[in-house]
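Okay, thanks for making time.

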Amino acid sequence: MAIADHTQNTPSASSAHCLTTDLGWLLGRADHVFGSEVAAALAPLGLGSRGYCVLQAALTGEFTQTQLASMVGLDKTTMVVTVDKLEQLGLAERTPSATDRRARVIKVTEAGEEKVAEGQRIVDAVQEAVLDTLPVDERDAFVNALKRLVSDRLSTAPECHPPLRRREPRG
């Protein structure tokens with residue numbers, strides 16, 4: 001698998017120099033470029049970033065579509081389309097909940113588990129390539145700082161009107 005080369009200065013990155021002290025722009029830019037690279041690397045698996053995230057989250061417990069959508073940041077419609085595709089590919093299935101017979105949960109099939117394992121190797125390789133651009137002593141500090149932010153101050157988005165749309169990778 002080839003990892004994208006991001007060593008060149010792109011016009012959009014260099015022309016936005018004035019934004020390099022804007023935390024929102026920096027996080028958004030990093031998210032967009034990293035997400036695009038992961039999506040491109042996962043494309044050969046045929047399930048896309050959304051499908052991969054849904055399968056990976058579904059492996060961690062017994063969750064309904066609504067619960068999984070909330071976990072991975074998808075709206076209801078996108079989640080239905082994503083699970084429909086995962087079912088068509090034989091990677092997941094909707095099954096009755098063991099605790100609530102009215103609810104249906106998303107169960108990952110054996111083929112889905114294999115796709116998640118394959119996808120995890122791909123995501124790990126992209127992540128390693130990205131983190132390799134930082135000095136060794138900064139890598140863990142960077143990841144740990146992001147973990148603290150998203151589990152504390154940036155754990156929940158406040159209500160705003162109109163609501164912001166999350167940019168989700170296509171896949």
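Let me start with a question: does Gln-65 count as buried or exposed? At 18% relative accessibility, Gln-65 counts as buried. By buried I mean under 20% relative accessible area, with exposed being over 50% and partly exposed in between, using a 1.4 Å probe and protein chains only.

Quick housekeeping before I go on. This is a predicted model, where local features need pLDDT of at least 70, side-chain atom pairs count only at pLDDT 80 or more, and totals for chains, interfaces and linings use all residues. Residues are numbered from 1 along each chain as its sequence is written, and side-chain values use heavy atoms, with hydrogens and water left out.

On confidence, pLDDT is the predictor's confidence in each residue, from 0 to 100. The chain has a mean pLDDT of 86, and 84% of its residues reach 70 or more. Confidence is lowest in helix 1, residues 11-15, at a mean of 54, and highest in helix 6, residues 110-131, at 96. Where pLDDT is low, the predicted coordinates should not be read in detail.

Now the overall layout. We have 7 helices and 2 strands; helices here are DSSP runs of H or I with at least four residues, strands are runs of E with at least two, and both are numbered from the N terminus. From the N terminus on, the order is α-α-α-α-α-β-β-α-α. There are 171 residues in the chain, and 26% of them count as buried. The chain exposes about 11,900 Å², with carbon and sulfur atoms supplying 55% of that; the areas come from Shrake-Rupley with a 1.4 Å probe, and for residues only the protein chains shown count as cover. For contacts, meaning heavy atoms within 4.5 Å, 55% of those between residues at least 6 apart in sequence join residues at least 24 apart.

Back to Gln-65, which sits in helix 4. Not counting residues up to four places away in sequence, Gln-65 touches Met-79, Val-80, Val-83, Arg-94, Arg-104 and Ile-106. Take Arg-94: Gln-65 and Arg-94 are 29 residues apart in sequence, yet 8.7 Å apart in space, C-alpha to C-alpha.

Helix 4 (residues 65-72) packs on helix 5 (residues 76-88) at about 110°, with the axes 10 Å apart. Those axes are lines fitted to C-alpha atoms over the stretch in contact, and the angles run from 0 to 180 degrees between N-to-C directions. Helix 4 and helix 5 are therefore roughly perpendicular; the cut-offs are under 35 degrees for roughly parallel, over 145 for roughly antiparallel, 65 to 115 for roughly perpendicular, and oblique for the rest. Gln-65, Leu-68 and Ala-69 make the contact from helix 4, and Met-79, Val-80 and Val-83 from helix 5. That contact divides into 5 nonpolar, 1 polar and no charged residues. Nonpolar covers Ala, Val, Leu, Ile, Met, Phe, Trp, Tyr, Cys and Pro; charged is Asp, Glu, Lys and Arg; the others, Gly among them, are polar.

So what does helix 5 do with helix 3? They pack at about 85°, again with axes 10 Å apart, and are therefore roughly perpendicular too. Helix 3 brings Arg-50, Gly-51, Val-54 and Leu-55, and helix 5 brings Thr-78, Met-79, Thr-82, Val-83 and Leu-86. This contact splits into 5 nonpolar, 3 polar and 1 charged.

Stay on helix 3, because 9 of its 11 residues are buried, so it is largely enclosed by the rest of the structure. Those buried residues pack against helix 2, helix 4, helix 5, strand 1, strand 2 and helix 6. Gly-51, in helix 3 (residues 48-58), is buried at 2% relative accessibility. Beyond its neighbours within four places in sequence, Gly-51 is in contact with Thr-82 and Leu-86.

Last stop: Ser-155, in the segment after helix 7. Ser-155 counts as partly exposed, at 43% relative accessibility. Leaving aside neighbours within four places in sequence, Ser-155 is in contact with Leu-149 and Val-150.
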